[in-house]
Amino acid sequence: MFFNIGSEKRLKEAVAEIRQFTTNILNEKRQALTTEPIDLFSRFLNSGHLDEKHLTDIVISFILARRDTTLAALTWFFWLLYKNPTIESEAVNEVKDKEKSDSSIYDEVKDMVYTHASVCESMRLYPPVPVDMKQASTDDVLPDGTVLKKGMMGQGSGGVNHLFLI
């Protein structure tokens, strides 16, 4: 951002606003922090190993990274429930049973086995993260002995550098 005019200036202002928003989130979390961390942000805050800028970057990453994937996962989940009334009924009954509980919300959700399985199955059928295709740039042999020829296509697996042959 050399000149700080036009779109450069708007970008700088937008980034400052996002950073201020995340700083507010962190400050609220610090004030509400209990002795026992119950979520990921609390664990980051309690670790003591991260400076303010690093914590802010983590919060921004979580906000940006989960928006589209969460939206996609929930959209397919609710569509599948709509298409399968019996499963929808079971999930609704499970949620209603937990509403009567005196447990913490975390414990209630953790014990919703049927709903959890339904969400997992919907993500198996309709993964919210796009396929990460890889192509061999040179001939190679994987550690298990699989021979890869230049140009072969495959799917990456969570950052693992190998190919699943199709």
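This is a predicted model: local features need pLDDT of at least 70, side-chain atom pairs count only at pLDDT 80 or more; totals for chains, interfaces and linings use all residues.
The structure holds four aromatic pairs, and one of them is formed by Trp 76 and Tyr 126, whose rings are stacked, with 3.8 Å centre to centre and 5 degrees between the planes. Trp 76 belongs to helix α3 (residues 52-83), while Tyr 126 sits in the loop between α6 (113-125) and β1 (133-135), so this pair ties together parts that are 50 residues apart in sequence.

Tyr 126 also pairs with Trp 79, and here the arrangement is edge-to-face, with 6.2 Å centre to centre and 90 degrees between the planes. Because Trp 79 lies in helix α3 and Tyr 126 in the loop between α6 and β1, the pair ties together parts that are 47 residues apart in sequence. Trp 76, Trp 79 and Tyr 126 form one aromatic cluster.

The exposure of these residues is set out below.

| Residue | Relative accessible area | Class |
|---|---|---|
| Trp 76 | 32% | partly exposed |
| Tyr 126 | 28% | partly exposed |
| Trp 79 | 38% | partly exposed |

Technical notes
Residues are numbered from 1 along each chain as its sequence is written. Side-chain values use heavy atoms; hydrogens and water are left out. Rings of Phe, Tyr and Trp (its six-membered ring) pair if their centres lie within 6.5 Å; planes under 30 degrees apart count as stacked, over 60 as edge-to-face and the rest as tilted. Helices (H or I, at least four residues) and strands (E, at least two) are DSSP runs, numbered from the N terminus. Buried means under 20% relative accessible area, exposed over 50%, partly exposed in between (1.4 Å probe, protein chains only).
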